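Q: I'm new to this one. Can you walk me through it?
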Amino acid sequence: MRVLGVARVSTKEQATDAHFSFLSQRTRIADYAQTRGWELVDVIEYVQSGGSNRRELRDILRRVEADRIECVVVNELDRLARDMVSTMLFLEELQRVGCRFASVSDDLDLTTPDGELKMMMLAMFAHYFRRQLSRKVKGGQAERAKQGKRHGERPFGYQPAGDSWAIDSQESEVVQQVYQWYLHEQQGFRAIAKRLNETQVPGQKGRIGTWDARTIERMLRREVYAGDIIYQKWVQTTDREGHRHTQRQTPQIVRDSHPAIIDRETWNATQARLAVRQSLGHRPQHSPYLLSGLVSCGLCGAAMVVLRTGHRRPDGSRDPVYCCRAYHTKGACSTATKIPLDDLEHAVLGALRAELQQVQQHPTPDQIAHWLADDPAVAQAQRDRRQTEQRLQAIPGMLARAEEMTLQGVYTIDEYRSTKSRLQAEQARLQAALQQSLLLPVDAHAVSARLQSLVATFEEVLAGDPDVGRSWIQSLVERIRCHPGRHIEVTWRS
Ligand SMILES: [Zn+2]
């Protein structure tokens, strides 16, 4: 009988453990074949990489067919593959091409395709892999404990609970309130701090009146409120002169290590808003201009400031123009573009009109969702879509769990297969539903009516008092970028 040996080691074993080294596996396989009078054609060696070994198994099958191998011999059962499901499928493939299988250490000689024996083997596989899995899980828990453990000062809103953080019901309400004020009421750090001090909300150490802008900003930026922990390692090194240096390594994020106070969507939106604020610098509250604080340079990202350097008026004053602050103050930007205030304001109105025109011709699902966010039918369709997306995202995890259940012997292979095909069918159905949901209930008329009223209001605002119109503009416009060539890009607030 023509026999192919398969030897496998992990990288760690390769370096340290003689018992599992290639040589020892090779010798044992050769001895085994010899005592049975089999012809050992070759022994292939694999070093176990991190992931799945399906490619290796395909290689072996190719060899089996090419070299007319009649039996594959391994040293130990769990040397063949890391997960049982691929091992099972592999053994089936072997059977299909009429190849047999034997394992030296497990004294398994399946050279006669005996059904009962095969069942025994399956049971043994289950046993082996269960042991492997429990080892893996224990290792994983140790790793998690090492990384996800709470550390450092108690974050406002949490109380220590074992190795983790638990939500403090009173303080967490304050945290939620702060995010709400910042994100939905567009309040600044200082205004929020003032509000908390005025309403006598106790701070970190329980004292009244300790809130300030920095505490608020820090609270808005902390990933701890989204349930994540950031782990920063400090490494000490000693240089040639004997001086010690402390260096920070790339931070590691442990996701969902404890209950979140702020849902991820809100937290991400807050970070986006903080980033916009940072790029714009301080947003002036008492500025005579309608678009104050919204305009930034498309080239360098700096805020645009209003200068009075435009056309000379009859009374001797000059027209106001927008100019990149980095260019104006430091010459740090290469765009010398100056845009007259009127031109910029009308360009934004033009962008709104263009949006209206586009909607009247071919409204996109995104535009409908954007401009009709208040419409119950659209909101419902959006929620359905998000739900479908979430269910789709959950499927790979469910597949992995089914695989794990099979490893633990809870599912039979048949049950695993039927679960797998059911989940795959569900996946296909959800993908189709998602495609379908892109065709939202298109009420183009409602969208264009809403846009028309916005255009009308905008025109009134342009003609009126900037102080009155500014908050309306800020509720409509997220950001205005001026690209070279006076190309204006408007981002509408959602
Ligand atoms: Zn610039």
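A: Helix α7 (residues 189-198) and helix α8 (residues 213-221) pack with their axes 8 Å apart, at an angle of about 105 degrees. That makes α7 roughly perpendicular to α8, a label for angles of 65 to 115 degrees. Axes are lines fitted to C-alpha atoms, for helices over the stretch in contact, and angles run from 0 to 180 degrees between N-to-C directions. Helices (H or I, at least four residues) and strands (E, at least two) are DSSP runs, numbered from the N terminus.

Q: Where do the numbers come from?
A: This is a predicted model: local features need pLDDT of at least 70, side-chain atom pairs count only at pLDDT 80 or more, and totals for chains, interfaces and linings use all residues. Residues are numbered from 1 along each chain as its sequence is written.

Q: Which residues in α7 and α8 meet?
A: From α7, Phe-189, Arg-190, Ile-192 and Ala-193. From α8, Ala-213, Thr-215, Ile-216 and Glu-217. Contact means C-beta atoms, placed from the backbone, within 7 Å. The contact divides into five nonpolar, one polar and two charged residues. Here Ala, Val, Leu, Ile, Met, Phe, Trp, Tyr, Cys and Pro count as nonpolar, Asp, Glu, Lys and Arg as charged, and the others, Gly among them, as polar.

Q: New topic. How many residues are in the largest nonpolar core?
A: It has 24 residues. Val-6, Val-64, Ile-69, Cys-71, Val-72, Val-73 and Leu-94 have the most contacts inside it. Such a core is a set of buried Ala, Val, Leu, Ile, Met, Phe, Trp, Tyr and Cys residues joined through C-beta atoms within 7 Å. Buried means 20 or more other C-beta atoms within 10 Å of a residue's own; exposed means 12 or fewer, and partly exposed is in between.

Q: Which elements give two or more residues to this core?
A: β1 (2-10), α2 (22-35), α3 (54-66), β3 (71-74), α4 (84-96) and β4 (100-103).

Q: And what does Val-64 touch?
A: Leaving out residues up to four places away in sequence, Val-64 touches Leu-4, Ile-69, Val-72, Leu-94, Val-97 and Cys-99.

Q: Now sheets. In what order do β13, β14 and β15 come?
A: The order is β13-β14-β15, in an open sheet with antiparallel pairing. Strands pair if DSSP finds at least two bridges between them. β13 (304-307) and β15 (338-340) are the edge strands. Three bridges join β14 (residues 321-324) to β15. One partner pair is Val-321 with Pro-340 in β15.

Q: Which helix packs on the sheet?
A: Helix α11 (residues 341-361), touching β13, β14 and β15. The direction of α11 makes about 75 degrees with that of β15.

Q: What about β12, β16 and β17: which pairing do they show?
A: Mixed, in an open sheet ordered β12-β16-β17. β12 (295-297) and β17 (487-492) each have a single partner strand, so one side of each is left without a neighbour in the sheet. Strand β16 (residues 477-483) pairs antiparallel with β17 over six bridges. Val-477 stands opposite Trp-492 in β17. Helix α11 packs on this sheet, touching β12, β16 and β17.

Q: How many residues lie between β6 and β7 in their hairpin?
A: Two. In the turn, Gly-162 has a positive phi of about 60 degrees. Four bridges join β6 (residues 158-161) to β7 (residues 164-167), running antiparallel. Pro-160 stands opposite Trp-165.

Notes: Two residues are in contact if their C-beta atoms, placed from the backbone, lie within 7 Å. Angles under 35 degrees count as roughly parallel, over 145 as roughly antiparallel, 65 to 115 as roughly perpendicular and the rest as oblique.
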